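Biologist: Please take one part of this model and look at it closely. Then set it beside other parts of the chain, with the cut-offs for each term.

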Amino acid sequence: MAENMVNNITSIEEDQKVKDYSARLRDLRKDGITKISDCRLEIVALKKNKLMDEGEKNRKISELQSEIEKAKAVEEKNKAEIDALSKEAVAYVNAKAAEIEKAVTERQKSKMAKAKEFYVKEVEQIKADAEKRKEGLHSSIKDPQQLKSELDIAAYELKSALFDSKSRYKRELDKARAAMNQAYVDHIQKNRELRNGKTNFAENMKLKYKNFIFNFDATQFFLTNGLYIAILIFFIVCIIVAPIRGNGNLLTLPNIFTILEQSSTRMFYALGVAGLILLAGTDLSVGRMVALGSVTTGLILHPGMNIVTFFGMGPWDFSGIPMLLRLIMSLGLSVILCSAFSAFSGFFAAKLKMHPFISTMATQLIIYGMLFYGTTGTPVGSIDSTIRNLIGGRWELGVINGEFVTFPKLIIPAVIAVIVAWIIWNKTTFGKNMYAVGGNGEAAAVSGISVFKVTMCVFIMAGIFYGCGAFLEAFRANASAGTGQGYEMDAIAACVVGGISFNGGIGKISGAAIGVIIFTGLTYCLTFLGIDTNLQFVFKGVIIIAAVSLDSIKYLKKK
């Protein structure tokens, strides 16, 4: 009898004892924690009320605070009883829910089996009917052209009937799986209610797992993660092959820190171009921006008289200026110049609706010509060694696992840049506007967002990131007009690998950051294994085309 009652119950909410537990706990909490919560909500509403007289408002708030103090006393008095009853109720729910979930699962699996049996029979019947119709057409129609036409119609109708049958079968399976999943969801929600909203880590993890299994779609999963799985397999192969080929262990702290150091300055370029890709644009001038900022930084921080002239001006000697002021000058000029050229590109994209591909390509050529003509391609030379070590050097961590390990200082500003970009994208109105403009510019304009301002601000923000990255780039190598060659491709590729869609309005800063590390790690692994530099471009090209293809397929599926 009891088993039949369980089999008839589809939700823990229907169990009478659970209803009794819930009612008793509500009564115990009514004048305590529930009252406190209600009073606090009323206080918040009163404080926001602009129409009420201040005196009356303060009086009501004071009364509510007094009620809160009384409710706290009631809460304290009932706490032990509530805790004991809540624990007892949750234990009962866990036991009873397990029975209900088992019964629901059995019931739904039986329905799934019947649905499959019906589907198989229906498909057989549809095919048999189609075969009879085909035979009838062959016997009744003598005109070959008319026969072909009728057979084509019959084939189309057969395909449609099979599709409809499969769709009905899939709907039945989805309903059954949803019922099984909902039984556990009801269980967890009831436990949270009995605990007055408090969650449980184990329950949360199991719920996430069940939701993942319920919503899992193999096609969508591989579209979303296929590239990452392939790259992960590549890294695993590299880790295994490297020692066999005598290249040493790839997975060591020094190698990991070297990858992160190489990623550090590239992170700034990816963070900058990510905003433009989010707006369904791109930026081909990144590499020249890097050269511009690096050359400027190198000129100012070079010890003594430098050898570079610019349009006949110079050479200069900035060594007489205090180092702190020189640092501020070099960083400031790098940011200002990159932001100015980026804003120049942005104006044509925002005002004249020119595709950023064209405006940034033009800007790239302008900077390229100015730098090479102005400096005749002469390298700037080294930066003052003291400041190079202070900002671009490494901290010694000592010997770890038999290896002397140092920590690159450039990782710190890269982490700060990621945090700043994440805050802008996720915690500001400007960030929300970026997604809106990238997703649908016309709809954003109708809703009151200035597409021109947002686009210009994204370009300027990109210029600031480029300027900061270019400043730090000068600490890694001797800057010249050729510095940063090809960096725009790496930055764009990192963003695409990180899931920022060229279709606009889709992507995360975390994706861009991970994309930079993945792409840099890929290059480092190939170099570590001794793969020819020219062949590395082939690997990069394959990854880029694969990433963009997967993104395009996902976009087409959504349409």
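**A residue in helix H14 and its setting**

Modeller: Met 434 sits in helix H14, residues 429–439. Helices (H or I, at least four residues) and strands (E, at least two) are DSSP runs, numbered from the N terminus. This is a predicted model, with local features needing pLDDT of at least 70, side-chain atom pairs needing pLDDT 80 or more, and totals for chains, interfaces and linings using all residues. Residues are numbered from 1 along each chain as its sequence is written, and side-chain values use heavy atoms, without hydrogens or water.

Is Met 434 buried or exposed? Met 434 counts as buried because its relative accessible area is 0%. The classes are buried under 20%, exposed over 50% and partly exposed in between (1.4 Å probe, protein chains only). Set aside neighbours within four places in sequence, and Met 434 contacts Gly 275, Leu 278, Leu 279, Trp 425, Val 454, Val 458 and Met 461. Contact here means heavy atoms within 4.5 Å. Leu 279 is 155 residues from Met 434 along the chain, yet their C-alpha atoms are separated by 6.9 Å.

Leu 279 also gives a reference point for Gly 393. Those two are 114 residues apart along the chain, and their C-alpha atoms are separated by 36 Å. Gly 393 lies in the loop between helix H12 (385–392) and strand E1. Gly 393 is classed as buried because its relative accessibility is 10%. Beyond four places in sequence, Gly 393 touches Arg 388, Phe 407, Pro 408 and Lys 409.

Strands E1 and E2 (residues 403–408) pair in the antiparallel sense over six bridges; pairing requires at least two bridges by DSSP. Trp 395 stands opposite Phe 407 in E2. The hairpin has two residues between its strands, and Asn 401 there takes a positive phi near 55°. Asn 401 is in the loop between E1 and E2. Asn 401 is exposed because its relative accessible area is 78%. Asn 401 and Gly 441 are 40 residues apart in sequence, but 54 Å apart in space, C-alpha to C-alpha.

Trp 395 also belongs to a nonpolar surface patch of about 760 Å². Helix H8 (253–278), strand E1 (394–400) and helix H13 (411–427) each supply at least two residues. Patches take residues with over 30% relative accessible area and no salt bridge, joining like charges within 9 Å and nonpolar side chains (Val, Leu, Ile, Met, Phe, Trp, Tyr) within 5 Å. Areas come from the Shrake-Rupley method with a 1.4 Å probe; for residues, only the protein chains shown count as cover. Ile 412 is in helix H13. Ile 412 counts as partly exposed because its relative accessibility is 37%.

Now for other covered sites. Thr 363 lies in helix H11, residues 356–375. Thr 363 is buried because its relative accessibility is 0%. Its side chain makes a polar contact of 2.5 Å with the side chain of Ser 345. That term means N or O atoms within 3.5 Å; within protein, one must be able to donate a hydrogen and the other to accept it, and residues adjacent in sequence count only if both atoms are side-chain atoms. Beyond four places in sequence, Thr 363 contacts Ser 285, Phe 341, Phe 344 and Ser 345. Helix H17 (residues 487–497) is mostly covered, with 10 of its 11 residues buried. Among them are Tyr 487, Glu 488 and Asp 490. Just after H17, Gly 499 takes a positive phi of about 95°.

Last, the charges. A salt bridge is a side-chain nitrogen of Lys or Arg within 4 Å of a carboxyl oxygen of Asp or Glu. By this rule the count is 22. Arg 168 bridges to Glu 122, with the closest N and O atoms 2.7 Å apart. This pair links distant parts of the chain, with Arg 168 in helix H5 (residues 144–194) and Glu 122 in helix H4, 46 residues apart. Glu 122 is buried because its relative accessible area is 18%, while Arg 168 is partly exposed at 36%. Glu 56 and Arg 59 form a salt bridge at 2.6 Å, N to O. Both lie in H4 (residues 54–140), three residues apart, about one turn of the helix. Glu 13, Arg 26, Lys 190 and Glu 193 are linked in a network of salt bridges.
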